Amino acid sequence: MNRNERDELLNYIYTASFALDDTILYLDTHPTDKDALDFYQKCRAIRMQAMKEYETHFGPLTEEGVKATNKWTWIEDPWPWEMGR
Amino acid sequence: MWNYEKRLQYPVNIKSTNAKMAQVIISQFGGPDGELAASMRYLSQRYTMPYREVTGILTDIGTEELAHMEIVSSIIYQLTKDLSLEEIKASGFDKYYVDHTLALWPQAASGTPFTATFFQSKGDPITDLVEDLAAEQKARTTYDNILRLIKDPDVADPIKFLREREIVHFQRFGEALRIVQDHLDARNFYAFNPEFDNRPRG
């Protein structure tokens with residue numbers, strides 16, 4: 001996978017994650033809204049799948065996403081504020 | 001981006017209220033060597049830190065300090081949640097109560113509000129890491145001072161955990177400083193500032 005595919009996948013994760021963030025806030029004040037609960041599960045599954053794919057090809061997004069067993073890849077570049085490089 | 005885990009890093013289960021203790025321990029929430037200042041210090045310094053091991057340790061210790069702030073806050077909450085008006089008056093907690101009732105608010109034991117002047121983010125890796133090393137020791141001393149005042153084992157136990165973490169963080173920052181020095185001119189560590197003079201630009 002190349003740089004463009006990385007950017008595309010990361011943008012997809014940004015979208016799915018923000019949909020989840022926003023739904024969580026709504027659910028905090030509407031904890032029995034069935035449509036919102038279904039939407040939460042849908043976004044969560046999409047995000048999890050995208051994160052898994054990203055971490056397989058481009059490195060960890062969380063410590064638990066470190067795949068390598070011979071090196072702590074958590075500290076490798078780029079850090080999120082350097083993503084434009 | 002951060003995520004919240006609905007648990008403490010170390011459990012807090014305090015059975016008896018003690019407003020006097022809470023007024024002392026609150027310094028490790030919003031005081032000069034407290035956990036809020038620690039977290040903001042490391043999370044502010046990391047952006048311009050040019051070595052990835054050091055960026056990593058600043059991110060991860062800065063994150064752990066937020067969890068420590070939550071432990072200290074939980075201790076204060078549990079020490080004050082059942083106070084009667086009589087206890088509030090007798091313990092001198094009335095001066096805090098009048099402004100904040102029983103809510104958490106970051107201040108030093110002296111009543112001084114939290115301020116960003118409690119920490120520095122200087123943009124020079126040696127300067128910042130020496131500040132970080134000192135900060136961990138100052139927090140360790142504060143916890144030692146708190147432990148001399150505490151009799152209740154329910155309170156002392158999580159405080160001892162936090163004190164130990166200061167020592168571990170001091171060790172890691174010492175290693176980070178060595179990593180920084182390995183990248184510099186061994187005959188003159190101050191020949192250039194890698195956060196300014198040798199930036200990868202563009």
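Student: What volume does the second largest cavity have?
Tutor: The second largest cavity has a volume of about 30 Å³, a cavity being a set of points, on a 1 Å grid over the protein atoms alone, where a 1.4 Å probe fits but cannot get out, and a volume being the space filled by probe spheres set on points joined across faces, edges and corners. This is a predicted model, with local features needing pLDDT of at least 70 and side-chain atom pairs pLDDT 80 or more, while totals for chains, interfaces and linings use all residues. Residues are numbered from 1 along each chain as written, chains are lettered from A and ligands numbered from 1 in written order, and side-chain values use heavy atoms, without hydrogens and water.

Student: Which residues line the second largest cavity?
Tutor: Its lining (residues with an atom within 4 Å of a point) comprises Asp124(B), Pro125(B), Ile126(B), Leu184(B), Phe189(B), Tyr190(B), Phe192(B), Asn193(B) and Pro194(B), which divide by class into seven nonpolar, one polar and one charged.

Student: Switching topic, what does Val155(B) touch?
Tutor: Leaving out residues up to four places away in sequence, Val155(B) touches Ile14(B), Ile25(B), Ile75(B), Leu79(B) and Ile150(B), where contact means heavy atoms within 4.5 Å.

Terms used: 1 Å grid on protein atoms, 1.4 Å probe; cavity = no way out; pocket = protein on both sides within 12 Å on 5 of 7 lines; lining within 4 Å. Nonpolar A, V, L, I, M, F, W, Y, C, P; charged D, E, K, R; others polar.
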